[in-house]
Amino acid sequence: MSVERTPSATGLVLTGLTGTVAAIGALLGGSAAAIAGVPVAIAGVYRTSRAILAGGVALLFAGVVLAGAGGGAPEAVVVAMIGTVLAWDVGENAISMAGQLRTGAGERAEIVHAAAVSTVTLTVAVAGYSVYLVASAGQPEIALSLLVFGVVLVVLALGR
């Protein structure tokens, strides 16, 4: 008897929700480019393909960069960046859980993971935004999104 190893519905929904947050943030920042990333990221999780998920997240991130470079509101850019980071992390976690557990066994763990990563990401984003507000002597909004993205990557790398 083989064990089915597909991502949970929770993982798919979390990836879709966080990707949608990223797309809405980018859209409010003036870039519609991130919208295409949401279904691609979901497809990556559904197919348990890290490459497809990475493609979707790259599209989401492109929307963030375009929103920041286009002079979008810093708050919208931060929201888009938070959504992008969370979509990437919860998608990766869903794929990992699908490879390790039988279908549906890790839904609670996925929710706890998403909550923990959301807390860390929000904390880092608020800190980055605070630094931006204090030191924003004509800095472009893209600097804020890249600062937040870099800090989140460092925090995530230290946590693994």
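Start with Ile52. With a relative accessible area of 30%, this residue is partly exposed. The model we are looking at is predicted. Ile52 sits in helix H3. What does Ile52 touch, once its neighbours within four places in sequence are left aside? The contacts are Val40, Ala43, Gly44 and Arg47. There is also a distance to note here. Ile52 and Ile42 are ten residues apart along the chain, and their C-alpha atoms are 8.8 Å from each other.

Now step back to the whole protein. How many helices and how many strands are there? The count is six helices and zero strands. Along the sequence, that reads as α-α-α-α-α-α. The protein has 160 residues, and 44% of them are buried. Next, the contacts. Take those between residues at least 6 apart in sequence. Of these, 75% link residues at least 24 apart.

Is Thr48 buried or partly exposed? Its relative accessibility is 34%, so Thr48 counts as partly exposed. The other is Ser49, in the loop between H2 and H3. Ser49 comes in at 18% relative accessibility, so it counts as buried. The cut-off for buried is under 20%. Leaving aside neighbours within four places in sequence, Ser49 has contacts with Gly44 and Ile95.

On to the helix pair. H3 spans residues 50–69, and H4 spans residues 74–100. Their axes are 9 Å apart, and the packing angle is about 175°. So H3 is roughly antiparallel to H4. Why that label? Because angles over 145 degrees count as roughly antiparallel.

Which residues make this contact? From H3 we have Arg50, Leu53, Val57, Leu60, Phe61, Val64, Ala67 and Gly68. From H4 we have Val77, Ala80, Met81, Thr84, Ala87, Trp88, Gly91, Glu92, Ile95 and Ser96. Sort the contact by class and you get twelve nonpolar residues, four polar and two charged.

Keep Arg50 and Glu92 in mind. A search of the whole structure turns up one salt bridge. It joins the side chains of Glu92 and Arg50, at 2.8 Å from N to O. Glu92 is in helix H4 and Arg50 is in helix H3, so this pair ties together parts 42 residues apart in sequence. How accessible are the two partners? Glu92 has 19% relative accessibility, so it counts as buried. Again, buried means under 20%. Arg50 has a relative accessible area of 39%, and is partly exposed.

Now the nonpolar core. The largest one holds 13 residues. Which of them have the most contacts inside it? Those are Ala34, Leu60 and Val64. H4 gives the most, with five residues.

Stay with H4 for Leu86. Leu86 is at 8% relative accessibility, so it counts as buried. Not counting residues up to four places away in sequence, Leu86 touches Thr18, Gly91, Val117, Ser118 and Thr121. What about Gly19? Leu86 and Gly19 are 67 residues apart in sequence, yet 7.7 Å apart in space, C-alpha to C-alpha.

Last stop is Ala32, in the loop between H1 and H2. At 48% relative accessibility, Ala32 is classed as partly exposed. The cut-off for exposed is over 50%, so Ala32 stays in the class below. Ala32 and Gly63 are 31 residues apart along the chain. Their C-alpha atoms are separated by 6.6 Å.

To recap: six helices, zero strands. H3 and H4 pack at about 175°. One salt bridge was found in the whole structure, and its partners are Glu92 and Arg50.

Conventions. Residues numbered from 1 in each chain as written. Predicted model: local features only at pLDDT ≥ 70, side-chain atom pairs only at ≥ 80, totals over all residues. Heavy atoms only, no water. Axes fitted to C-alpha atoms, helices over the stretch in contact; angles between N-to-C directions. Helix = DSSP H or I, 4+ residues; strand = E, 2+ residues; numbered from the N terminus. Parallel < 35°, antiparallel > 145°, perpendicular 65-115°, else oblique. Contact = heavy atoms within 4.5 Å. Nonpolar A, V, L, I, M, F, W, Y, C, P; charged D, E, K, R; others polar. Salt bridge = Lys/Arg side-chain N within 4 Å of Asp/Glu carboxyl O. Buried < 20%, exposed > 50% of the residue type's maximum accessible area, 1.4 Å probe, protein only. Core = buried A, V, L, I, M, F, W, Y, C linked by side-chain atoms within 4.5 Å.
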